[in-house]
Amino acid sequence: MELTNGHIAEIKSYSAPPVQVHKVLMALLIVLGEEPEIVRDWFEIQVLLVKTGKMSLKRRIQEYNPVNLSTSNARRAANIIGDTQSEELHSISKAAKVFYLWTSAVVEDRLSQDVIR
């Protein structure tokens, strides 16, 4: 699934998202380098979602370099989304599923590199 502006708009539209959606966005933003303390608050996530230009969510994902993901943040993100099921998420929010698939792939790749070393 490819990330679209519609996916971002869907997430922005939540004033109080389902817990699973919030968790996925928390993990995503931690992977992108945001402080875990900031992304606990949905209002702060909404602020990050409306950024434009180089700081827009879509651009940050498209230009993301996984080398920048620390092991500790990969583990933190994995713990946040660890109990999330892709198909369950699909029934709640198709947009959150797109973010979940990207985040979990990046996190799994980073953590597997630690195992290889």
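Student: Which side chain does asparagine 73 make a polar contact with?
Tutor: A polar contact is a pair of N or O atoms within 3.5 Å; within protein, one must be able to donate a hydrogen and the other to accept it, and residues adjacent in sequence count only if both atoms are side-chain atoms. Here the partner of asparagine 73 is the side chain of arginine 76, at 2.8 Å. Keep in mind that this is a predicted model, where local features need pLDDT of at least 70, side-chain atom pairs count only at pLDDT 80 or more, and totals for chains, interfaces and linings use all residues. Side-chain values use heavy atoms, with hydrogens and water left out, and residues are numbered from 1 along each chain as its sequence is written.

Student: Is asparagine 73 buried or exposed?
Tutor: Buried means under 20% relative accessible area, exposed over 50%, partly exposed in between (1.4 Å probe, protein chains only). Asparagine 73 has 17% relative accessibility, so it's buried. It sits in helix H6; helices are DSSP runs (H or I, at least four residues), numbered from the N terminus.

Student: How do H2 and H6 run relative to each other?
Tutor: You compare axes, lines fitted to C-alpha atoms over the stretch in contact, with angles from 0 to 180 degrees between N-to-C directions. Under 35 degrees is roughly parallel, over 145 roughly antiparallel, 65 to 115 roughly perpendicular and the rest oblique. The axes of H2 (residues 19-31) and H6 (residues 71-81) come within 9 Å and cross at roughly 170°, so the two helices are roughly antiparallel.

Student: Which residues meet there?
Tutor: Contact means heavy atoms within 4.5 Å. From H2 you get Lys23, Val24, Met26, Ala27, Ile30 and Val31, and from H6 Asn73, Arg76, Ala77, Ile80 and Ile81.

Student: Where do the buried residues of H4 lie around its axis?
Tutor: An α-helix has 3.6 residues a turn, so residues three or four places apart point the same way. In H4 (residues 42-49), Trp42, Ile45, Leu48 and Leu49 are buried. They fall within an arc of 115° (taken from the directions from the helix axis to the C-beta atoms), so they line one face of the helix. That set packs against H1 (5-12), H2, H3 (36-39) and H5 (57-62).

Student: What about glutamate 34, which side chain does it join in a polar contact?
Tutor: Glutamate 34, in the loop between H2 and H3, is buried at 14%. Its side chain pairs with that of arginine 60 at 3.0 Å.
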